[in-house]
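Here's a quick briefing to read alongside the model. Have the structure open and follow along topic by topic.

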Amino acid sequence: MEKSKMVLDVNEKPTITKWIILALQHVFAMFGATILVPILVNAQAEATVLTIPVALVTSGIGTLIYILCTRGKSPVYLGSSFAFIAPLAAAYLKGGLSGAMTGVMVVGLIYVVFATIIRFTGKGWLDKILPPVVIGPMIMIIGLGLAPSAISQVGLVSGAEVEWRAVFVAAVSFLVTAIVAVRGKGFLKIIPFLVGIVTGYIAAVCVGLVDFTPVLEASFFSLPQFVLPFVNYTPNFSAVLTIAPIALVTMAEHIGDHTSLSNIIGKDLLKEPGLDKTLLGDGVATFVAGLLGGPANTTYGENTSVVGMTKIASVWVIGLAAIFAICLGFLGKFTALVSTIPNAVLGGISLLLYGFIAVNGLKVLIQNQVDFGKTKNVIVASSMLVLGLGGAAISIVSGDVAVTISGMSLAAIVGILINLLLPEEKEDMPKVDKKTKKEEKVEAKV
């Protein structure tokens, strides 16, 4: 692995001024995505499932936990995962807040179990149950399944009256995000969604779509509304199967992000500190997030890009960024301002965001050269897409307990099973004429 020229080693501490500037860059990189998750989950569920302050705090705490679990050997930032937007909303609708948060904690425990198994057996078996032909469609379903939500936020639903202000703001948000993503240079290219949100928000203010009342009523400092088990709710496992299978997607994402960062810093993070430790850190961080009422965590490619851009891979910088994120969660006026972002802005951003997620699934298939000339691969991918996007659901009832597996979760389980159980195709061997074969043997002897 060729090592790029790093200014700092992962454990080296920079000067105070550079330390703060670099940490703020990481905060800006993670901020747009991290605050979008609670906003979009709430929009999907049409209720308050997550809050922005708790998402920011659990993101920071989760990153610090990750740093401890990896012994300060991996400069990774953990933020809110987009993969859980639809499952969290579905879990809330099925089991309420207790069902959603219990599901997040179970995901964290799944990571820990997998990390323990990997520690003793290696990760070869994980590659077998999660090949690209399964992971790609999983990711595509996540993005495409959320598409109707983006259309609804823009206000382009069939039969509904079009509000020109909302469409205008959504268009501004969309175009600015797209232009920055394509033409942006340096740090701007890393934060297209944040730039799009800010620009769209300004446009929304100009056309009168923003209500500043929550900002005026909020205090400067406020305690995030943590949601604790046995205090605010009793754990409820009724919606676990709605969320748990998504852990397979984010584990694949975890491996991909660490591989990418390894190439940037010239150090194989899957060997040192090791996949078992990085996955353990991610798992414990996600469990704690669910314990406090926050979304599941995942490794952030945006912050990996910051490391690549600055050529500084210091865990000290990542740690300070995590502390800044925690502090932001306690700024009442700031989080109230974020909560006033109109749906039109989010809709414009989501048009790109959900499409990006779906196309990333397609990229997984292309980059790994999945051969769709093989009927088995076609069957695995097509069955997953139809089940995941078609609204399929299986309910298992036992007494008073009913468990429903649907959408992405059902597609993931079926895809894994089909891939493991369906035999490989037999390749047609070219027929060899017996007479020609005898002549070849005679020539060989001569």
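**A buried threonine to start**

Thr-177 is buried, with a relative accessible area of 1% (buried means under 20% relative accessible area, exposed over 50%, partly exposed in between, using a 1.4 Å probe and protein chains only).

Residues are numbered from 1 along each chain as its sequence is written, and side-chain values use heavy atoms, with hydrogens and water left out.

**Confidence**

- The chain averages a pLDDT of 88, and 93% of the residues score at least 70 (pLDDT is the predictor's confidence in each residue, from 0 to 100).
- Helix H2 (residues 52-69) comes out highest, at a mean of 97, while helix H19 (residues 434-445) is lowest, at 54.
- Where pLDDT is low, the predicted coordinates should not be read in detail.

**Around Thr-177, and H8 against H16**

- Leaving out residues up to four places away in sequence, Thr-177 touches Pro-192, Phe-193, Gly-196, Ile-349 and Leu-352 (contact means heavy atoms within 4.5 Å).
- Helix H8 (residues 192-206) packs on helix H16 (residues 343-367) at an angle of about 155 degrees, with the axes 8 Å apart (axes are lines fitted to C-alpha atoms, for helices over the stretch in contact, and angles run from 0 to 180 degrees between N-to-C directions).
- That angle makes H8 roughly antiparallel to H16 (under 35 degrees counts as roughly parallel, over 145 as roughly antiparallel, 65 to 115 as roughly perpendicular and the rest as oblique).
- On the H8 side the contact is made by Phe-193, Gly-196, Ile-197, Gly-200, Tyr-201 and Ala-204, and on the H16 side by Val-345, Ile-349, Leu-352, Leu-353 and Phe-356.
- H8 passes H16 in a right-handed crossing (left-handed if the near helix is turned anticlockwise from the far one by less than a right angle, right-handed if clockwise).
- Val-198 also lies in H8, and with a relative accessible area of 43% Val-198 is partly exposed.
- Between Val-198 and Thr-63 there are 25 Å in space, C-alpha to C-alpha, and the two are 135 residues apart in sequence.

**Two oblique helix pairs**

- The axes of H1 and H2 come within 9 Å and cross at roughly 130 degrees, so H1 and H2 are oblique to each other.
- Their crossing is right-handed, with Met-30, Phe-31, Thr-34, Ile-35, Pro-38 and Ile-39 in H1 meeting Ile-52, Ala-55, Leu-56 and Ser-59 in H2.
- Helix H3 (residues 85-121) and helix H11 (residues 246-265) pack at about 50 degrees, axes 10 Å apart, and are therefore oblique to each other too.
- H3 contributes Pro-87, Val-107, Ile-110, Tyr-111 and Phe-114 to the contact, and H11 brings Ile-246, Ala-247, Leu-248, Thr-250 and Met-251.

**Partners across the sequence**

- Lys-13 sits in the segment before helix H1 (16-45) and is partly exposed at 43% relative accessible area.
- Lys-13 and Val-317 are 304 residues apart in sequence, yet 7.7 Å apart in space, C-alpha to C-alpha.
- Setting aside neighbours within four places in sequence, Lys-13 is in contact with Trp-19 and Trp-316.
- Ser-406, in strand S4 (residues 401-406), is partly exposed at 25% and touches Ala-392 and Ala-393, not counting residues up to four places away in sequence.

- Most residues other than glycine have a negative phi, and most peptide bonds are trans.
- A cis peptide bond joins Glu-272 and Pro-273, with omega about 15 degrees, and Pro-273 lies in helix H12 (residues 270-292).
- Phe-230, not a glycine, has a positive phi of about 65 degrees; this residue is in the loop between helix H9 (213-217) and helix H10 (240-243) and counts as exposed at 69% relative accessibility.
- Lys-311 also has a positive phi, near 60 degrees, and lies in the loop between helix H13 (301-310) and helix H14 (315-328).

**Cysteines**

- A search of the whole structure finds 0 disulfides (pairs of cysteine sulfur atoms within 2.5 Å).
- Cys-206 counts as exposed at 64% relative accessibility, whereas Cys-327 is partly exposed at 43%.

Technical notes
This is a predicted model: local features need pLDDT of at least 70, side-chain atom pairs count only at pLDDT 80 or more; totals for chains, interfaces and linings use all residues. Helices (H or I, at least four residues) and strands (E, at least two) are DSSP runs, numbered from the N terminus.
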